[in-house]
Amino acid sequence: MKREEVFNFSAGPSVLPTEVLEIAGNEILNYGGSGMSVMEMSHRSKVYLEIFERTKSKMKSELSVPESHEVLFLQGGASLQFSMVPMNLMSELGKGKADYAVTGNFASIATKEAKKYGTINIAASSEDKNHSYIPTQSDLKFSPDADYFYYCANNTIYGTEWQYVPETGKVPICCDMSSNILSKPVDVSKYGIIFAGAQKNMAPAGLTVVIIDKSLAGKEMACTPLMMSYKTMIENDSMYNTPPCWNIYILGLVLDWLEKQGGVKGMEKIKAEKAALLYDFLDGSSLFNACAEKGSRSDMNVTFRTGDEAKDEDFCKGATKLGLTNLKGHRKVGGMRASIYNAQPIEGVAKLVEYMKEFEVANRV
Ligand SMILES: *Cc1c(COP(=O)(O)O)cnc(C)c1O
């Protein structure tokens, strides 16, 4: 198939803007007259440091990151942050305390990991209804002396998204924004730590962006590996060792593209339009049902099903033939999942809805 014939709904790694891939392709052998590829240059060279600084400052300006916070470019995926957060924010092994909201697969993994390091209180869990909803502020049971509160802003597998920032008083908030970062403005000052794996909305897999309130760094457990200390990375501007140079370069190109879409404010409008196309259809459909409850639905990962596994499978097969790929839901939820991240054009969503309409008519009972 040709790229133009495919709309890729993969949950991650996911579609990148074609324009970005074209620029990267054109520059792949010779970046900016340097005579070499970005993949081949020293991370300490002048030409690379320019790419690095430009990407970092774009990230800061797109998300209006305040002076109190630093942007880090790390590795180990979002999953390494599940360990880095407790190791850095609980100052002594076994003595710390944190509150976790368990609203899906990745929040659950993060909770299990944190239990190795301290006392974990489940502030709320949506497991009772297969993670189809987000707890309200009044559902959240906080410990006043917690070192931090942790939640996952967008639940990639279940298709739910927090529509508010929890109010925790003085307790710092740590948030996994892997699957909705850069899809809307965020008040960074409300957060102690924001982290996101790049492969959903930013760049190829291998880069993790961390935005951290600098005052939280430097209190890590004595046993914290050097490479997992936020302090090490802040002091060395993410270059204690070789950073994921190529991914950072691609992130810079994605941020250029994002700016042309009107930045995060522009993206917020576009993503709401795309999500409304799907949810409006689902709410009026006699065949398909949205999995997530109204008021908790994700604008990035839209989960739905027919209620009949054989039909779901037929639907996905037929979709693939039309170039609508990677719509099969995660095995924990079943059904379908359309990941409509920033780089998913609205045409892809419109074509998907057209196909859903046809499928509904063909399967009318
Ligand atoms: C994909 C994803 C992860 C896992 O990311 P890795 O980079 O593979 O570790 C964690 N959290 C959320 C919300 C995700 O969508």
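**Close-up views of a predicted model**

View A. Glu161 sits in strand β7, residues 160–161 (strands, E, of at least two residues, and helices, H or I, of at least four, are DSSP runs numbered from the N terminus). This is a predicted model, where local features need pLDDT of at least 70, side-chain atom pairs count only at pLDDT 80 or more, and totals for chains, interfaces and linings use all residues. Residues are numbered from 1 along each chain as its sequence is written, and side-chain values use heavy atoms, with hydrogens and water left out. Is Glu161 buried or exposed? Glu161 is buried, at a relative accessible area of 2% (buried means under 20% relative accessible area, exposed over 50%, and partly exposed in between, with a 1.4 Å probe and protein chains only). The Glu161 side chain makes a polar contact of 3.2 Å with the side chain of Lys184 (a polar contact is a pair of N or O atoms within 3.5 Å; within protein, one must be able to donate a hydrogen and the other to accept it, and residues adjacent in sequence count only if both atoms are side-chain atoms). Setting aside neighbours within four places in sequence, the residues in contact with Glu161 include Ile134, Asn154, Asn180, Arg297 and Asp299 (contact means heavy atoms within 4.5 Å).

View B. Strand β8 covers residues 173–176, and both of its faces are covered. Ile173 and Cys175 are buried on one side, as are Cys174 and Asp176 on the other. Strand β5 (residues 148–152) runs parallel to β8, and four bridges join them (two strands pair if DSSP finds at least two bridges between them). Tyr151 has Cys175 in β8 as its bridge partner. Strand β9 (residues 193–197) also pairs with β8 in the parallel sense, over three bridges. For Asp176, the bridge partner in β9 is Phe195.

**View C. An open sheet of three strands.** Here the strand order is β11-β12-β14, and the pairing is antiparallel. β11 (289–290) and β14 (336–339) are the edge strands; each has a single partner strand, so one side of each is left without a neighbour in the sheet. Two bridges hold the antiparallel pairing of β11 with β12 (residues 301–305). Ala290 stands opposite Phe304 in β12.

View D. How many salt bridges does the structure hold? The count is 19 (a salt bridge is a side-chain nitrogen of Lys or Arg within 4 Å of a carboxyl oxygen of Asp or Glu). In one of them, the side chains of Lys260 and Glu19 meet at 2.6 Å, N to O. That pair links distant parts of the chain, with Lys260 in helix α6 (residues 245–260) and Glu19 in helix α1, 241 residues apart. Lys260 is exposed, with a relative accessible area of 59%, while Glu19 is partly exposed at 30%. Glu259 and Lys58 also meet through their side chains in a salt bridge, at 2.8 Å, N to O. Glu259 is in helix α6 and Lys58 in helix α2, 201 residues apart. Glu259 comes out partly exposed at 45%, and Lys58 is buried at 15%.

**View E. The Arg297 and Asp283 salt bridge.** The side chains of Arg297 and Asp283 form a salt bridge of 2.9 Å, N to O. Arg297 is in the loop between β11 and β12 and Asp283 is in helix α7 (residues 263–284), so the pair ties together parts that are 14 residues apart in sequence. Arg297 counts as buried, with 13% relative accessibility, and Asp283 as partly exposed, with 39%. Elsewhere, salt bridges that share partners join Arg54, Lys58, Asp256 and Glu259 into one network.

**View F. Thr55 in helix α2.** Thr55 belongs to helix α2 and is buried, at 1% relative accessibility. A polar atom of the Thr55 side chain lies 3.4 Å from the backbone oxygen of Ile248. Leaving out neighbours within four places in sequence, Thr55 is in contact with Phe73, Ile248, Leu251, Gly252 and Leu255.
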